[in-house]
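Please open the model in your viewer and keep the selection tool at hand. The tour below goes from one stop to the next, saying what to select and what is there.

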Amino acid sequence: MILLQREYARASREKRIYNLTQATKVGILYYCKDEETYERISKFVKKLQGAGKTVKALGYVESKSLTGQFLPKLSYDYLYPNGLSWSYKPVSVQAKDFIDSNYNILIDLSLEESVPLLYITALSKASFKAGLQSKNRSNYLDLMISLPEDGELDELMKQVYHYLTEINKENES
């Protein structure tokens, strides 16, 4: 984590509070542990796209048995263990592109603690970052959602959507 903290200190981004009405470009980060998780994320992506947002989702697929199952599509990219350095820093082209994209909002939908996803969240150039509250993520998120320890992905998506709809309404242009 020391390497991440060093890189985060050197990283720069233009911080700005966006809500879902103001945002045009949204990045979604998630831990893709199975087909069911992918389907849930896919529904959320479609909901945002239906609201006129340009969405890019990056899923981290750790299981070797799932790596052939999830192939990149137009709005989806994947990060696999072979796209990580020895320190679990994402080094794949997909991860670097995601980090360097100027998303208005980055939504980290990972429920699990994952060093590669933490790296991406921390180093992302997104203006506003939202996700699940945790000790490790607290330095890198602008909006943290608190869930019970047994919180589900659907509840996190519901809460993130709600708060990103309500936040900063008085500054809508």
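Contact, throughout this tour, means heavy atoms within 4.5 Å. The model is a predicted one, in which local features need pLDDT of at least 70 and side-chain atom pairs count only at pLDDT 80 or more, while totals for chains, interfaces and linings use all residues. Residues are numbered from 1 along each chain as its sequence is written, and side-chain values use heavy atoms, with hydrogens and water left out.

Begin by selecting residues 115–123, which form helix H4; helices here are DSSP runs of H or I with at least four residues, strands are runs of E with at least two, and both are numbered from the N terminus. Eight of the nine residues of H4 are buried, where buried means under 20% relative accessible area, exposed over 50% and partly exposed in between, with a 1.4 Å probe and protein chains only. Among the buried residues are Pro116, Leu117 and Ile120.

Within H4, select threonine 121 next. Threonine 121 is buried, with a relative accessible area of 0%, and its side chain makes a polar contact with the side chain of aspartate 108 at 3.0 Å. A polar contact is a pair of N or O atoms within 3.5 Å; within protein, one must be able to donate a hydrogen and the other to accept it, and residues adjacent in sequence count only if both atoms are side-chain atoms. Not counting residues up to four places away in sequence, threonine 121 touches Leu29, Leu106, Asp108, Lys129, Tyr140 and Leu141.

Axes are lines fitted to C-alpha atoms, for helices over the stretch in contact, and angles run from 0 to 180 degrees between N-to-C directions. Which residues of H1 and H4 meet? Leu3, Leu4, Glu7 and Tyr8 in H1 meet Leu118, Tyr119, Ala122 and Leu123 in H4.

From here, move to serine 87, in the loop between strand S3 (76–79) and helix H3 (93–100). Serine 87 is buried, with a relative accessible area of 16%, and its side chain makes a polar contact with that of serine 85 at 3.0 Å. Leaving aside neighbours within four places in sequence, serine 87 is in contact with Leu3, Val115 and Tyr119.

Finally, select helix H2 (residues 35–50) together with helix H5 (residues 153–166), whose axes come within 10 Å and cross at roughly 15°. Thr37, Arg40, Ile41, Phe44, Lys47 and Leu48 in H2 meet Leu153, Asp154, Met157 and Tyr161 in H5.
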